[in-house]
Amino acid sequence: GEMSRLVASLLAVLLLGSEASAKTVSGLFRSEAARQQRGQFVTKFMFQGDNGLLVCRLENSALAAEKESRLLLYQNLDSDLDNLSCTERLSRASFTISLNQEEFNQTIPRQSSPTAWQALYADRYTCQESAVIPSHPDLSFTVLLFNADSAGNPLEHFSAEEAGLHSFYFLLLLAYFIASCIYFQPLYQALRKGGPMNTVLKVLTMALALQGCSALCTYTHLARYSHDGVGIPLMGSLAEFWDMVSQVSMLYMLLSLCMGWTLSRGRKPQSRPLQWEQSPASTAVAVGGVVTQGVLLLWEQYSESESEHHSYHVQQSLAGILLIVLRVGLALLLASVLYQIISTERSTLKRDFYLSFAKGCFLWFLCHPVLVFLSVVFNDHQREKVVTIGVILCQSIAMVILYQLFLSRSLYWEVSSLSSVSLPLTMSRTNHRGRY
């Protein structure tokens with residue numbers, strides 16, 4: 001009930017908030033907006049360095065000429081422009097394109113490294129504060145931005161900081177597909193048999209399936225985007241949504257397991273560890289953590305809505321910073337819990353089990369904070385990619401570590417102290433009998 005309501009509200013907010021500005025930008029040039037913003041913001045794009053191209057198409061070039069409409073291109077629009085007067089600000093543009101034709105092409109000169117450019121619209125009324133703006137209709141436009149493709153032709157819709165993500169998601173989906181072909185059978189059998197780890201395996205499988213759905217949605221969006229520069233924004237939003245639900249369900253599982261352990265250890269010294277112990281306190285901690293993370297993820301999405309594609313955002317908003325603090329905090333909480341357990345545990349087998357579990361948990365929680373911290377050494381156009389690809393790979397590895405742990409019989413053979421009948425993935429029984 002609670003969980004499904006949270007999921008429904010997450011989805012609603014995401015789909016309503018998905019006003020992504022794509023790299024084929026269509027809209028209206030409005031004189032009022034240009035006056036208020038001292039140049040109406042149209043779009044921003046990072047050109048690779050060679051053969052960049054901007055194409056602007058207008059529906060009513062006669063009206064545009066009458067308004068003295070122009071498109072201004074700024075390289076790295078600096079904040080010190082805000083202190084300048086309106087006319088000085090407009091005169092600082094690297095390029096000024098007079099919009100008096102139906103279509104206009106502007107090639108971007110060669111740069112030594114990828115550079116961010118912004119396009120603003122201005123006309124004769126922009127800086128005349130007192131002049132009355134005539135009631136002309138707004139100008140509808142389409143702006144297309146291109147980087148050079150591998151052959152050097154300006155046909156690539158991806159901005160420099162997104163180049164290569166398309167191929168990465170394709171390889172990721174391929175890896176998911178191959179892994180699911182190999183592991184579907186043993187996993188299905190393990191889930192059918194039940195056993196002590198059943199809930200954990202169900203949650204892990206659900207989280208992994210959701211990550212797969214997220215990757216598929218992102219790939220679909222990017223594949224379409226590479227053709228038309230617009231993509232399918234709904235798919236991008238769905239990708240964010242599935243990823244959020246996956247993150248939240250993993251967090252719930254890891255917190256429930258850890259809190260359940262610590263709180264149940266005092267009461268039943270011989271209790272099987274790693275059981276999903278339901279107590280009001282452990283449930284409260286788990287639900288609290290999950291709700292906090294859900295709210296922060298949504299807030300981050302909302303504050304980063306200019307970013308077109310599903311990714312772990314680098315340009316940190318307050319929500320992004322709080323999310324990182326939460327992840328570090330949770331890792332510390334798990335560390336203290338696991339330290340207590342490991343330091344009092346005599347059996348090496350159980351200690352190995354807990355250490356592997358700790359590895360999986362820390363990799364899951366700390367990969368994002370660590371990568372954001374390390375991304376400082378990379379160039380602007382590489383940061384987002386390093387963090388996005390790094391987090392996806394690290395979290396996939398963390399899931400594999402946890403899967404191996406909960407499916408491998410040898411470790412929790414003793415940990416769960418159960419008869420071999422109820423253990424999933426029963427391997428050859430003889431060699432185990434010989435060992436214990």
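Trainee: What percentage of the 436 residues of the protein chain counts as buried?
Mentor: This is a predicted model, in which local features need pLDDT of at least 70 and side-chain atom pairs count only at pLDDT 80 or more, while totals for chains, interfaces and linings use all residues. Residues are numbered from 1 along each chain as its sequence is written, and side-chain values use heavy atoms, with hydrogens and water left out. Buried means under 20% relative accessible area, exposed means over 50%, and partly exposed lies in between (1.4 Å probe, protein chains only). Among the 436 residues of the protein chain, the buried share is 48%.

Trainee: How much of the accessible surface of the protein chain belongs to carbon and sulfur atoms?
Mentor: Accessible areas come from the Shrake-Rupley method with a 1.4 Å probe, and for residues only the protein chains shown count as cover. The total for the protein chain is about 20,700 Å². The part that belongs to carbon and sulfur atoms is 60%.

Trainee: How many helices and strands does the protein chain have?
Mentor: Helices (H or I, at least four residues) and strands (E, at least two) are DSSP runs, numbered from the N terminus. On this basis the secondary structure comes to 13 helices and 9 strands.

Trainee: What is the end-to-end C-alpha distance over residues 386–407?
Mentor: An unreviewed UniProt entry annotates several stretches as "transmembrane region", including 168–188 and 386–407; UniProt positions follow the numbering used here, feature names are shortened, and annotations may be inferred rather than shown by experiment. Residues 168–188 are 100% helix and 0% strand in the model, with end C-alpha atoms 28 Å apart. Residues 386–407 are also 100% helix and 0% strand, and their end C-alpha atoms are separated by 31 Å.

Trainee: Which residue in E7 is the bridge partner of Arg 70?
Mentor: E7 pairs with E2 in the antiparallel sense over 7 bridges, and Gln 40 stands opposite Tyr 121 there. E7 also pairs with E4, again antiparallel, over 6 bridges. For Arg 70, the bridge partner in E7 is Ala 122.

Trainee: Which backbone nitrogen does the side chain of Gln 40 reach?
Mentor: Gln 40 is found in strand E2, where 6 of 8 residues are buried, and Gln 40 itself counts as buried at 10% relative accessible area. A polar contact is a pair of N or O atoms within 3.5 Å; within protein, one must be able to donate a hydrogen and the other to accept it, and residues adjacent in sequence count only if both atoms are side-chain atoms. A polar atom of the Gln 40 side chain lies 3.0 Å from the backbone oxygen of Leu 28. At 2.7 Å, the side chain of Gln 40 also reaches the backbone nitrogen of Arg 30.

Trainee: With the side chain of which residue does the side chain of Ser 31 make a polar contact?
Mentor: Ser 31 belongs to helix H2 and is buried, with a relative accessible area of 1%. Contact means heavy atoms within 4.5 Å; residues up to four places away in sequence aside, Ser 31 touches Lys 67, Asp 123, Tyr 125 and Ile 133. The side-chain polar contact, at 2.7 Å, is with Asp 123.

Trainee: Which side chain is joined to that of His 136 by a polar contact of 3.4 Å?
Mentor: His 136 lies in the loop between strand E7 (115–122) and strand E8 (139–148), and is partly exposed at 26% relative accessible area. His 136 and Ser 31 are 105 residues apart in sequence, yet their C-alpha atoms are 9.2 Å apart. Not counting residues up to four places away in sequence, His 136 touches Leu 63, Glu 66, Lys 67 and Tyr 125. The polar contact of 3.4 Å joins the side chain of His 136 to that of Glu 66.

Trainee: What is the phi of Glu 68?
Mentor: Glu 68 lies in the loop between helix H3 (61–66) and strand E4 (70–75), and is partly exposed at 44% relative accessibility. Although Glu 68 is not a glycine, its phi is positive, at about 55 degrees.

Methods
Two strands pair if DSSP finds at least two bridges between them.
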